[in-house]
Amino acid sequence: MIGQRTSQRSFAGSVDWLLIISYLLLVTIGFMNVYSTVHNTYPDVFVWDSRACKQLVWIGSAFLLAIMILFVIPTRIYEQIAIPAYLGIFVLLVLVIFIGKETNGSHSWFELGPIKLQPAELSKITSSLTLAAIISKLDLKFKTFRDYLIAGAVMGLPMVAILAENETGSMLVYVGFLFVLYREGISGWWLFLLGLLIATVVVTLKFGPFWSLLLVGIAATATNEIVIGKGRRWFLIFLPIVTVLIVWQIIFTRLTAENPESAARFFDPAYITAALLAVLMVVYLIRGFRSLNGFKMTSVGAILACIIMVFSIDFLFDKVLQPHQQKRIEVLLGITEDRSGAGYNVYQSKVAIGSGGFFGRGYLNGTQSTYGFVPEQSTDFIFCTVGEEWGFLGCTAIILLYVLLISRIVNGAEKSRERFTRIYGYCVAACLFMHLMINVGMTIGLMPVIGIPLPLVSYGGSSLWAFTILIFIFVALDRNEKKYF
């Protein structure tokens, strides 16, 4: 019997070199910028007290980890150890709350002599592996509540623990896993709901509850009418109601400005809009039951969630967020201006980036970088060093490198024959994207300052190791599928 002969590609022929090269370039750029932030104090790289020297050690050890993942550890082990590793790291996430070292108001670090370890960084690896393992093993299609519950539990447990550590930035990274679930079958309306909730929070804080409730009403009615193909009816029925509510809001604002104790408060447009939304929910609920229309039922849940969010904002903002977090959000939204306090970091960061112009001041020539005007400049705000010394061109080049890295991961994941590899690849891409978006947005004043590193570029061993492991596990899985042809 003659069987089909299988050939094996060499390492060079089966690995994604564009992915590896983009990784190496980002790590190199990271070291150069870390050195730039400390060279005025430590001109000699090989001084242990210098962050540049320590970063070299982290880079060397990260390369060793990458080599072990590619050549020593068998790829089949990752799916097998996913759940035990997830549970082990979850235990560390809980323990660090009670026995971890407090840093900038958060209990998220274990200090082992000269080494500091942050379980939240490792949790991204174990959560990605576990999400991929469970979805692929149980063949979740996200057609039933059970599927959502299982995936939600995998994502939610570490999110709750990380939030309890007061590490809001690391917790927000898990939101990116929704894009992974979207690829695996959840409705795009869930992403729409997430965007609506975020918009509701921002509008409520910035403009007040009336405008956020009006936004919810417009979004809910417009999507329902468009879905059933009756967009014209929306303009005939709902647009006049929206117009009347806006006019009444203007009149009400003037009345209460002249007489704050006026009985007109009983006719607050926010409460009127909430009442109208309640009526709308009842209508959608009845129609949904009669016609078995799942979209209308989902709309009722979405409207209710947004109303609860609107009227909970004050409590969450005043009782849950720390004072420094409140100030940062107020500065971000332009509610208050505090260049010497909560807004100092962002203000100095924007000064640094703006002073770089198109071509930059030149490597090691940035005044903001050299003299330490921006706190945490080698970690959370390292992107402003790039902007000052390398200018707009340098910032664009680095962002394009990230785009290349993420796109290569997504491309490899999409071509994978194994569902485990595909889901894991999308998890890695989601983690990188969320870190990039939040960190760069924070640096240029588009996101609140929540303390999150720029992947592979910011100073720090835990972050560099975590992203190296994340990326090279995918490289190994991808290579394992491509080495036979």
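Predicted model: local features only at pLDDT ≥ 70, side-chain atom pairs only at ≥ 80, totals over all residues.
**Close-ups of aromatic pairs and a bent helix**

View 1. A search of the whole structure turns up 12 aromatic pairs. One of them joins Phe210 to Trp211, edge-to-face, with 4.9 Å from centre to centre and 75° between the planes.

**View 2. Phe358 and Phe392 stack.** Here the ring centres are 5.7 Å apart and the planes meet at 25°, so we call the pair stacked. The two residues come from distant parts of the chain, 34 residues apart: Phe358 belongs to the loop between α15 (344-356) and α16 (367-370), while Phe392 is in helix α17. Phe358 is partly exposed, at 43% relative accessibility.

View 3. The bend at Trp390 comes to about 130°. End to end, α17 (residues 382-415) covers only 34 Å between its C-alpha atoms, whereas a straight helix of 34 residues would span 50 Å.

**View 4. Three rings make a cluster.** Tyr23, Phe63 and Phe472 come together as one aromatic cluster.

**View 5. Zooming back out to the protein chain.** Of its 485 residues, 47% are buried. Among contacts with a separation of 6 or more, 69% are between residues 24 or more positions apart. The accessible surface is about 23700 Å², and carbon and sulfur atoms account for 68% of that.

Terms used:
Residues numbered from 1 in each chain as written. Heavy atoms only, no water. Buried < 20%, exposed > 50% of the residue type's maximum accessible area, 1.4 Å probe, protein only. Contact = heavy atoms within 4.5 Å. Areas by Shrake-Rupley, 256 points an atom, 1.4 Å probe, with all protein chains shown as cover. Helix = DSSP H or I, 4+ residues; strand = E, 2+ residues; numbered from the N terminus. Expected span 1.5 Å × (residues − 1). Bend = angle between axes of the 7 residues up to and from the residue. Phe/Tyr/Trp six-rings, centres within 6.5 Å; stacked < 30°, edge-to-face > 60°.
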